[in-house]
Amino acid sequence: MDITNISGLLPNRTNGSDVSPTPLVRGELEPYGVQIFRLCLSAVICSVGLVGNLLVVIITSCNRKASTAVNYYILNLAIADLGILAICYPFILVKNEDPIHWPLGYFTCKIIYPLSDIFFGVSIGSIVAIAIDRYKAIVRSIHAQKTLQAAKWVIIFIWMFAFIDITLPLFFVMEYLVDVHGKGTIDCTPNWPMINITLPLYIFSLSFFWYFLPMAIILWTYVQIAQKIRASKNLHKDMRNLVGKKYNKESKKARKHDDQNTKALKILIPVVVTFASTMLPFHVFRIVSVFVPVGRFEYIWAIYNICTALLLANSSVNPIIYSLVSEDFRRRFKHVLCLQWSRLHDNVSVRRAGTFTTRMTSQRSFNTGL
């Protein structure tokens, strides 16, 4: 995939339809000890992410009675992260282990390889959609049914825009490069026309639409949500002081509503912080590579692999956040592990800390409390 393709940054590399490069020794790029550690760490991250996101898909798919817009977005996010871990990561491994040789054939090079990048855009777009949905539910108080109807169209738009902005340009520039001596495939890499103009435009477009703009939208929505929750709590506090005991019944309902909104914010914050911190190094690396010939640096491969590991971590960590923050998700997680499939359809959330049972509301996500 071009998003994580570093082969064009390496030394002894030419760009053209007929290539006869000087082979790179793998040990020159990365010590074997570091390579083994990286592969083991990446395997652990990838395995945890595959299991976690698969559980999210199972949990969100089984409970149709609790379908909400945010559940659709969480399901979409989990599917995109599964695509990154199960499809994109193997391509990363192929390019890492032999940067100038491509063993997967013409069709994979021209179609599957660039198409896999769509999962990165869909993952990011889903996080933005979750933030906007929570803003509309908490700040604007838009009815859940209206957002549910719009959610399917939003998801379709996310996939289409990710395809147009990320994948479509690659279909026109990906080249399957063959050795002039007939020794087989040499590389699968983008060959940009007017590379000094088109490649920077493409990189800046990706960074703007898939990192900086999403971060700006997410931060704005969360500031609005935090202000709304704070104002609501202050209002109810003032009402209790003015009215006294007569306001107790309404006060309990208000506190419960504020607590649900606060819980949603507490879950969303680590998701966004993780997204911001794990994606930033790669975008910085990619932008810097436009202005600086990074292939000359001795430790460029190590830096690149750190950025790649962080990309994998971003796709693996969300299920862990759900399980740490949401009691309901942990309960359904146990149901899946114990093969208690019938209990996944249970739409009742039992609070062990109290003596009462509460029905889920249509504005609340059953598996994360959002």
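User: Are R134 and D133 buried or exposed?

Analyst: Buried means under 20% relative accessible area, exposed over 50%, and partly exposed in between (1.4 Å probe, protein chains only). R134 is buried, and D133 is too. This is a predicted model: local features need pLDDT of at least 70, side-chain atom pairs count only at pLDDT 80 or more, and totals for chains, interfaces and linings use all residues. Residues are numbered from 1 along each chain as its sequence is written, and side-chain values use heavy atoms, leaving out hydrogens and water.

User: How many salt bridges does a search of the whole structure find?

Analyst: A salt bridge puts a side-chain nitrogen of Lys or Arg within 4 Å of a carboxyl oxygen of Asp or Glu. The search finds two. R134 pairs with D133 at 2.6 Å, N to O. D187 pairs with K95 at 2.7 Å, N to O.

User: At what angle do the axes of α3 and α9 cross?

Analyst: Axes are lines fitted to C-alpha atoms, for helices over the stretch in contact; angles run from 0 to 180 degrees between N-to-C directions. Helix α3 (residues 69–97) and helix α9 (residues 300–316) cross at roughly 165 degrees, their axes coming within 9 Å. Angles over 145 degrees count as roughly antiparallel, so α3 and α9 are roughly antiparallel to each other.

User: Where is L280 placed?

Analyst: Helices (H or I, at least four residues) and strands (E, at least two) are DSSP runs, numbered from the N terminus. L280 sits in helix α8. L280 counts as partly exposed because its relative accessibility is 36%.

Conventions: Parallel < 35°, antiparallel > 145°, perpendicular 65-115°, else oblique.
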